[in-house]
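Please open the model in your viewer and keep the selection tool at hand. The tour goes from one selection to the next, saying at each stop what is there.

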Amino acid sequence: MAQPIIEFKHVAKQYDDTVVLKSVDLEIEAGKFYTLLGPSGSGKTTILRLIAGFLEASSGDILFEGERINDVPAEKRRVNTVFQNYALFPNMNVFENVAFGMSIKGKPKNEIKAKVAEMLELVKLGGYEDREISELSGGQQQRVAIARALANDPEVLLLDEPLSALDYKLRKDMQYELREIQKRLGITFIFVTHDQEEALAMSDWIFVTNEGEIVQNGTPVDIYDEPINHFVADFIGESNIVPGVMREDYLVSFAGKEFENVDGGMRPNEQVEVVLRPEDLDLVAEEDGKLVVTIDDQSFRGDYYEITAHDDDQNEWQVQATNPAVIGERRGLYFDPEDIHIMRLNESEEDFDARLEQYDDSEEDEEGADEQ
Ligand SMILES: Nc1ncnc2c1ncn2[C@@H]1O[C@H](COP(=O)(O)OP(=O)(O)OP(=O)(O)O)[C@@H](O)[C@H]1O
């Protein structure tokens with residue numbers, strides 16, 4: 001990758017004895033849409049605030065285009081932040097809010113006027129200059145906050161859960177629009193969310209955080225298809241996770257049977273966890289299944305039935321099926337070798353990446369290389 005626009009080298013943050021960020025390394029490439037995704041309290045906002053300069057790192061280096069910026073004050077960094085609560089100035093109208101940063105810098109009036117109009121067009125609020133903030137809906141206020149941050153021509157826009165206050169439909173629309181704005185401007189966006197669907201839909205690249213660490217980073221497809229551990233598999237999408245043993249490369253046993261699969265690089269008879277996504281499983285006739293299960297429950301989800309079942313080893317299975325099942329019935333569970341994903345216990349991200357590179361089929365390797 002070209003020189004990253006932002007880099008963390010062993011960046012840690014602690015308050016007294018409480019470590020909230022443990023030696024984080026990350027690289028952000030210019031012009032892409034990045035997401036920090038993780039549960040509440042996992043350190044996402046802390047990472048964002050360290051980039052913005054609102055917080056000081058306890059140790060480690062933060063670089064911007066290769067230069068150390070730990071001691072550069074927030075207002076001198078070429079980044080702007082859109083906050084969850086918008087943080088607009090309620091006593092100023094829309095024009096004054098968007099113009100604020102430029103006015104402080106003493107930019108000429110006609111330049112400010114043109115820029116405000118351009119930014120309001122960009123967020124689909126053209127002509128709203130004279131409106132008061134109190135006259136705007138939550139969604140419109142959010143747009144003003146984005147226009148205000150972008151009016152300063154940042155190289156990096158930081159967005160801290162900016163959509164969390166919006167209702168479902170508006171949130172979906174804004175996800176799409178933010179993505180369009182990022183593509184149009186071509187600047188770097190770093191977006192914080194705890195919503196995995198939002199992260200998968202919007203990002204070029206995701207950093208998954210947990211307990212003050214980045215546990216995995218990659219494209220949405222990589223992270224969904226190849227979660228590194230139980231936490232990621234569970235947090236990103238629905239997963240069936242069952243204990244297994246890797247007999248040899250491309251042969252795993254779980255639920256009392258052996259299955260061909262496409263993973264390798266483990267020790268013979270190594271204990272592993274096996275992930276199968278509910279949408280990759282099919283319910284078939286008992287004799288056609290790779291495993292036999294008994295149907296326990298089902299619920300209708302609009303475009304599919306979510307069915308729960310158990311096998312004879314008492315492993316629980318969730319299946320997304322287009323047709324309803326009969327509770328108590330014995331059915332076959334069918335899946336392909338490539339639907340089986342193997343996770344080693346306690347594998348580092350470095351070892352995981354190296355192993356995947358060696359054992360993934362060549363087609364996936366090529367896709368991965370294109371994304372980088
Ligand atoms: N000033 C502080 N003093 C002590 N602990 C703090 C302070 N600020 C944050 N923390 C702790 O740091 C941890 C990480 O917080 P952070 O806000 O980065 O998490 P987050 O992933 O953004 O969570 P959320 O989604 O809830 O905003 C939390 O456990 C939080 O309680």
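Begin by selecting helices H2 and H4, whose crossing is right-handed in this predicted model. Helix H2 covers residues 94-104 and helix H4 covers residues 138-150, and the two pack with their axes 7 Å apart at an angle of about 30°. Angles under 35 degrees count as roughly parallel, and H2 and H4 are therefore described as roughly parallel to each other.

Next, show the side chains where these two helices meet. On the H2 side, select Val94, Asn97, Val98 and Phe100, which are in contact with Val144, Ala147 and Arg148 on the H4 side.

Now move to the ligand and select the residues around it. Which residues are they? The shell consists of Tyr15, Thr18 and Val20, then Gly38, the run Ser40, Gly41, Ser42, Gly43, Lys44, Thr45 and Thr46, and finally His194. Coloured by class, this shell around the ligand shows nine polar residues, two nonpolar ones and one charged one.

Keep H1 selected and look at what surrounds it. Seven of the nine residues of H1 are buried, so this helix is largely enclosed by the rest of the structure. To see which ones they are, select Lys44, Thr45, Thr46, Ile47, Leu48, Leu50 and Ile51, the buried residues of H1. Following the chain onward from H1, you come to Gly53, a residue with a positive phi, near 95°.

Finally, zoom out and select the whole protein chain, whose secondary structure comes to ten helices and 20 strands. The C-alpha trace of the chain spans about 75 × 45 × 40 Å along its principal axes. Of its 372 residues, 35% count as buried. Among the contacts in the chain with a separation of 6 or more, 66% are accounted for by residues 24 or more positions apart.

Note on methods: Residues numbered from 1 in each chain as written. Predicted model: local features only at pLDDT ≥ 70, side-chain atom pairs only at ≥ 80, totals over all residues. Axes fitted to C-alpha atoms, helices over the stretch in contact; angles between N-to-C directions. Helix = DSSP H or I, 4+ residues; strand = E, 2+ residues; numbered from the N terminus. Parallel < 35°, antiparallel > 145°, perpendicular 65-115°, else oblique. Left-handed = near helix turned anticlockwise from the far one by under 90°. Contact = placed C-beta atoms within 7 Å. Near = placed C-beta within 6 Å. Nonpolar A, V, L, I, M, F, W, Y, C, P; charged D, E, K, R; others polar. Buried ≥ 20, exposed ≤ 12 C-beta atoms within 10 Å, placed from the backbone.
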